[in-house]
Amino acid sequence: MSLQDDLAAVKRSLDDLVRTVGQLERSIAAERGAPLPPTTSRPDLVTIPDTPYDSGLWTDTDDEGLGARDRHAP
């Protein structure tokens with residue numbers, strides 16, 4: 001199994017656990033006659049576009065680990 005397969009399996013197991021705990025909470029609340037706990041939802045995903053960033057964002061920046069563009073390494 002690759003690392004991606006392992007991570008996918010862990011994610012599925014975690015999703016199953018969250019779903020099962022939610023069902024258990026609802027079952028216990030129903031037996032006690034208590035109001036149902038609020039359901040939690042996942043936060044909205046943010047899509048990051050594949051288009052290149054504006055090169056103006058990188059003006060006057062240093063290349064991390066390489067130093068400044070206008071200077072030479074010793």
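Author: Some terms before we start: helices (H or I, at least four residues) and strands (E, at least two) are DSSP runs, numbered from the N terminus. This is a predicted model, where local features need pLDDT of at least 70, side-chain atom pairs count only at pLDDT 80 or more, and totals for chains, interfaces and linings use all residues. Residues are numbered from 1 along each chain as its sequence is written, and side-chain values use heavy atoms, with hydrogens and water left out.

Reader: OK. How many helices and strands are in the chain?

Author: The chain has 1 helix and 0 strands.

Reader: What length does α1 reach, and what is expected?

Author: α1 has 30 residues and spans 43 Å from first C-alpha to last. That is close to the expected 44 Å, where the expected span is 1.5 Å times one less than the number of residues.

Reader: What follows α1?

Author: Gly33 does, with a positive phi near 75 degrees.

Reader: Switching to charges. How many salt bridges does the structure hold?

Author: There are 2. A salt bridge here is a side-chain nitrogen of Lys or Arg within 4 Å of a carboxyl oxygen of Asp or Glu.

Reader: Which residue does Lys11 meet?

Author: Lys11 pairs with Asp15, at 3.1 Å from N to O. They sit 4 residues apart in helix α1, so about one helical turn separates them.

Reader: And which residue pairs with Asp16?

Author: Arg19, with the closest N and O atoms 2.2 Å apart. Asp16 and Arg19 are 3 residues apart in α1, again about one helical turn.

Reader: Why does that spacing matter for which way residues point?

Author: An α-helix has 3.6 residues a turn, so residues three or four places apart point the same way.

Reader: How exposed is Asp16?

Author: Asp16 is partly exposed at 37% relative accessibility, and Arg19 is partly exposed at 45%. The cut-offs are under 20% relative accessible area for buried, over 50% for exposed, and partly exposed in between (1.4 Å probe, protein chains only).

Reader: What share of the chain is buried?

Author: Buried residues make up 4% of the 74 residues.

Reader: Which residues form the nonpolar patch on the surface?

Author: Val46, Ile48, Tyr53, Leu57 and Trp58, with about 630 Å² of accessible area together. Patch members have over 30% relative accessible area and no salt bridge; like charges are joined within 9 Å, nonpolar side chains (Val, Leu, Ile, Met, Phe, Trp, Tyr) within 5 Å.

Reader: Ile48: buried or exposed?

Author: Exposed, with a relative accessible area of 61%. Ile48 lies in the segment after α1 (3-32).

Methods:
Accessible areas come from the Shrake-Rupley method with a 1.4 Å probe; for residues, only the protein chains shown count as cover.
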